[in-house]
Amino acid sequence: MRKQGGPGVYRISGARAGLTEDVRGRQRRYIISMSVRTVSVILTVVLWNVERPLAWATLVIGLLLPYIAVVYANAGRENAPVAPAAYIPPPVRPVLEATKVESGAERAGEPLADPVDNT
């Protein structure tokens with residue numbers, strides 16, 4: 001029978017992505033966010049004399065996006081997806097049911113006396 005405290009079986013699917021791949025992903029997210037900010041600032045300049053409320057909206061986006069971009073780009077290895085349980089428990093084996101223990105008299109075919117005789 002296997003010990004309960006024995007070594008476990010681990011899954012490789014729970015491994016994190018490599019550090020180089022993680023940094024590359026962060027850089028990509030930051031570049032995309034800053035590209036959106038650049039487009040927002042250019043739209044502010046273009047729309048300033050045409051559609052003032054829309055120009056204000058793009059200006060606000062252009063001002064808030066650097067903070068959001070940095071926070072979003074730095075959200076990296078701390079928030080790694082939770083892997084499935086790394087430990088696979090051993091399979092449960094069914095237990096045999098207990099059998100009735102026969103006495104010597106039962107095996108010989110003699111009738112047993114009633115344990116509770118109220119007469």
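Modeller: Among contacts in the chain between residues at least 6 apart in sequence, 71% join residues at least 24 apart. Contact here means heavy atoms within 4.5 Å. Keep in mind that this is a predicted model, where local features need pLDDT of at least 70, side-chain atom pairs count only at pLDDT 80 or more, and totals for chains, interfaces and linings use all residues. Residues are numbered from 1 along each chain as its sequence is written, and side-chain values use heavy atoms, with hydrogens and water left out.

Colleague: What makes up the secondary structure of the chain?
Modeller: Three helices and zero strands, in the pattern α-α-α along the sequence. Helices (H or I, at least four residues) and strands (E, at least two) are DSSP runs, numbered from the N terminus.

Colleague: How do you know that the length of H1 agrees with what a helix should span?
Modeller: The expected span is 1.5 Å times one less than the number of residues. H1 has 29 residues, so it should span 42 Å, and its end C-alpha atoms are 42 Å apart, which agrees.

Colleague: Why is serine 40 called buried?
Modeller: Buried means under 20% relative accessible area, exposed means over 50%, and partly exposed is in between (1.4 Å probe, protein chains only). Serine 40 has 5% relative accessibility, so it counts as buried. This serine is in helix H1, and it touches Thr58, Ile61 and Gly62, not counting residues up to four places away in sequence.

Colleague: Which other residues are buried in H1?
Modeller: Among them are Asp22, Gly25, Ser33 and Met34. What covers the buried residues of H1 includes H2. For the chain as a whole, 12% of its 119 residues count as buried.

Colleague: And glycine 62, buried or exposed?
Modeller: Glycine 62 comes in at 3% relative accessibility, so it counts as buried. It's found in helix H2. Leaving aside neighbours within four places in sequence, glycine 62 is in contact with Arg37, Ser40 and Val41.

Colleague: How far from glycine 62 is threonine 38, in sequence and in space?
Modeller: They are 24 residues apart in sequence and 7.3 Å apart in space, C-alpha to C-alpha. Threonine 38 is in helix H1, and its relative accessible area of 46% makes it partly exposed.

Colleague: What does proline 66 touch?
Modeller: Met34 and Arg37, leaving aside neighbours within four places in sequence. Proline 66 sits in helix H2 and, at 24% relative accessibility, counts as partly exposed.

Colleague: What makes arginine 26 and aspartate 22 a salt bridge?
Modeller: A salt bridge is a side-chain nitrogen of Lys or Arg within 4 Å of a carboxyl oxygen of Asp or Glu. In this pair the closest N and O atoms are 3.3 Å apart, and the structure holds one salt bridge. Side chains of opposite charge can pair when their charged atoms come close.

Colleague: Where do arginine 26 and aspartate 22 lie?
Modeller: Both are in helix H1 (residues 19-47), four residues apart, about one turn of the helix. An α-helix has 3.6 residues a turn, so residues three or four places apart point the same way. Arginine 26 is partly exposed at 22%, whereas aspartate 22, at 15%, counts as buried.

Colleague: Why is the pair of tryptophan 48 and tryptophan 56 called tilted?
Modeller: Rings of Phe, Tyr and Trp (its six-membered ring) pair if their centres lie within 6.5 Å; planes under 30 degrees apart count as stacked, over 60 as edge-to-face and the rest as tilted. By this rule the count comes to one aromatic pair. The two ring centres are 5.3 Å apart and the planes are at 55 degrees, so the pair is tilted. Tryptophan 48, at 30% relative accessibility, counts as partly exposed, and so does tryptophan 56, at 46%.

Colleague: Which residues form the nonpolar patch on the surface?
Modeller: Val60, Leu64, Tyr67, Ile68 and Val71, with about 510 Å² of accessible area together. Isoleucine 68, from helix H2 (residues 52-74), is partly exposed at 47%. Patches are made of residues with over 30% relative accessible area and no salt bridge, with like charges joined within 9 Å and nonpolar side chains (Val, Leu, Ile, Met, Phe, Trp, Tyr) within 5 Å.

Methods: Areas by Shrake-Rupley, 256 points an atom, 1.4 Å probe, with all protein chains shown as cover.
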